[in-house]
Amino acid sequence: MKFLVVDDSATMRRIVVNSLQRIGYDDCIEAADGIEALEAYDPSVEFVITDWNMPNMGGLDFVKALRARGDAKNVPILMVTTRSVREDIVSAAQAGVNNYVVKPFTPAILKEKIDQVFEAIGSG
Amino acid sequence: MPHDTEIEIRDVLLNDSQSTLRQVSSVLSDLVVTDHGDSNLAAMVSEIESRPAGLAELVKAVVATYSEIMGVVESLRKSRGLLEEASMQRIKRTGLKLAEVSSATETAATGMLDGLDRALDMVDQLDASAADGAGGDGPAGLRADLRDELYQLIGLLQFQDITSQQLGYASTVLSDVEERMLRLSAVFFPDGIAPPELTPSPSEAVDPGLDPVNTADTCDPEASTLNSETRQALADEIFTVPGSA
């Protein structure tokens, strides 16, 4: 399964990729902001994990832009972010995010949320 | 920022000027309250000239007032210089310092991740050796514990991203303060006077290659390493309870 990991922090990208490897997902590509991610995305990507606060194009705008594309309407998206105000979380849900992880997280939480997404879309 | 002594001097000058202006007002009142009957300026001047003691008193008061007002103006000019010095240089430098902190923590975190990756590879090699029969079952549990511990350490390094956002927020606050101070400064001296160039001390020197980090878009003012379970619970509630969003 191919993951696209989007975060402006190189450290966070490595932590997410490490965590994914820990739970059995080894195929990851990375992007540092929403614009890079839109360029990097192709239909071979089966799961997107994105931060919210990023330069150039933030996570929320990236999700909206991705959902507007014909080839990404149904790709699962997990938002991994420090933002934890109710209004923000609701905005993410309304934009098309499938699940939400608050930083700092553990590999166990990441796995739980990914599994929940697969269960919800029936392809786990 | 103005020093306390400069603020005191300015306050004293303002008080003295106020006092002198009251004296001027009083003298003018004394002069005007004469019975010259109409607003004829020539008659008024003539009247003043006919009262040499009052005129001298007035001139003396005006000169004193002028002198004191110039003192206040000079004091304000110095205050503006201090404001500009603080806003244009110290605050910008502070922003760059914050960028340096962010960069340093990123570098340190990357180095630690490299080390942890190498350690995990070694654990994997131990596993392989054990599978070949080189070790017993006992060390396997220990290796598993070690692996978990190392992964937890990787997770702890999320502090870098979070503190970076916190520093970024502080930087945006400083930028806001800078803008407000410049606007305040412009009120006093709209024509503008170049602030003095300062030579930074070695402790204030920053890497010129660094950009001021984090705009409002790249940092979350609420970013925190604390209470993540509580905050995750709120997200879970919204994403799992129908109608929460």
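1. How many helices and how many strands are there in chain A? In this predicted model, chain A holds five helices and five strands. Followed along the sequence, these elements are arranged as β-α-β-α-β-α-β-α-β-α.

2. Chain A has 124 residues, of which 59% count as buried. As for contacts in chain A between residues at least 6 apart in sequence, 62% join residues at least 24 apart.

3. Chain B is built from six helices and zero strands, and its pattern along the sequence reads α-α-α-α-α-α. Buried residues make up 30% of the 245 residues of chain B. Among the contacts in chain B with a separation of 6 or more, 86% involve residues 24 or more positions apart.

4. The remarks on individual helices begin with H1(A). This helix has 13 residues and reaches 18 Å from its first C-alpha to its last, close to the 18 Å expected at 1.5 Å a residue. The buried residues of H1(A) are Thr11(A), Met12(A), Arg13(A), Ile15(A), Val16(A), Val17(A), Asn18(A), Ser19(A) and Leu20(A).

5. Helix H5 of chain A covers residues 107–121. Its 15 residues reach 21 Å between the first C-alpha and the last, which is close to the 21 Å expected at 1.5 Å a residue. After H5(A) comes Gly122(A), with a positive phi near 70°.

6. Which residues of H5(A) are buried? They are Pro107(A), Leu110(A), Lys113(A), Ile114(A), Val117(A) and Phe118(A). Viewed down the axis of H5(A), these buried residues fall within an arc of 140°, so they line one face of the helix. The face turned away from the buried side of H5(A) carries the exposed residues Ala108(A), Glu119(A) and Ala120(A).

7. What covers the buried residues of H5(A)? In chain A, the covering elements include strand S1 (2–6), helix H1 (10–22), strand S3 (47–50), strand S4 (77–81) and strand S5 (99–102). Helix H6 (228–240) of chain B is also included in this cover.

8. Two packed helices are described by the angle between their axes and the distance between the axes. The axes of H1(A) and H5(A) come within 9 Å and cross at roughly 70°. Angles of 65 to 115 degrees count as roughly perpendicular, and H1(A) is therefore roughly perpendicular to H5(A).

9. Which residues of H1(A) and H5(A) meet? From H1(A), Val16(A), Ser19(A), Leu20(A) and Arg22(A) take part, and from H5(A), Pro107(A), Leu110(A) and Ile114(A). By class, this contact of H1(A) with H5(A) has five nonpolar residues, one polar residue and one charged residue. On the H1(A) side, Val16(A), Ser19(A) and Leu20(A) are among the buried residues of that helix. On the H5(A) side, Pro107(A), Leu110(A) and Ile114(A) are among the buried residues of H5(A).

10. The last point concerns a position in chain B. Ser103(B) lies in helix H3 (residues 52–131) of chain B. Is Ser103(B) buried or exposed, or partly exposed? Ser103(B) is partly exposed, because its relative accessible area is 33%, and partly exposed residues are those between the limits of 20% for buried and 50% for exposed. Ser103(B) and Ser164(B) are separated by 61 residues in sequence, and their C-alpha atoms are 8.6 Å apart in space.

Terms used: Residues numbered from 1 in each chain as written. Chains lettered and ligands numbered in written order. Predicted model: local features only at pLDDT ≥ 70, side-chain atom pairs only at ≥ 80, totals over all residues. Heavy atoms only, no water. Helix = DSSP H or I, 4+ residues; strand = E, 2+ residues; numbered from the N terminus. Expected span 1.5 Å × (residues − 1). Buried < 20%, exposed > 50% of the residue type's maximum accessible area, 1.4 Å probe, protein only. Arc of directions from axis to C-beta. Contact = heavy atoms within 4.5 Å. Axes fitted to C-alpha atoms, helices over the stretch in contact; angles between N-to-C directions. Parallel < 35°, antiparallel > 145°, perpendicular 65-115°, else oblique. Nonpolar A, V, L, I, M, F, W, Y, C, P; charged D, E, K, R; others polar.
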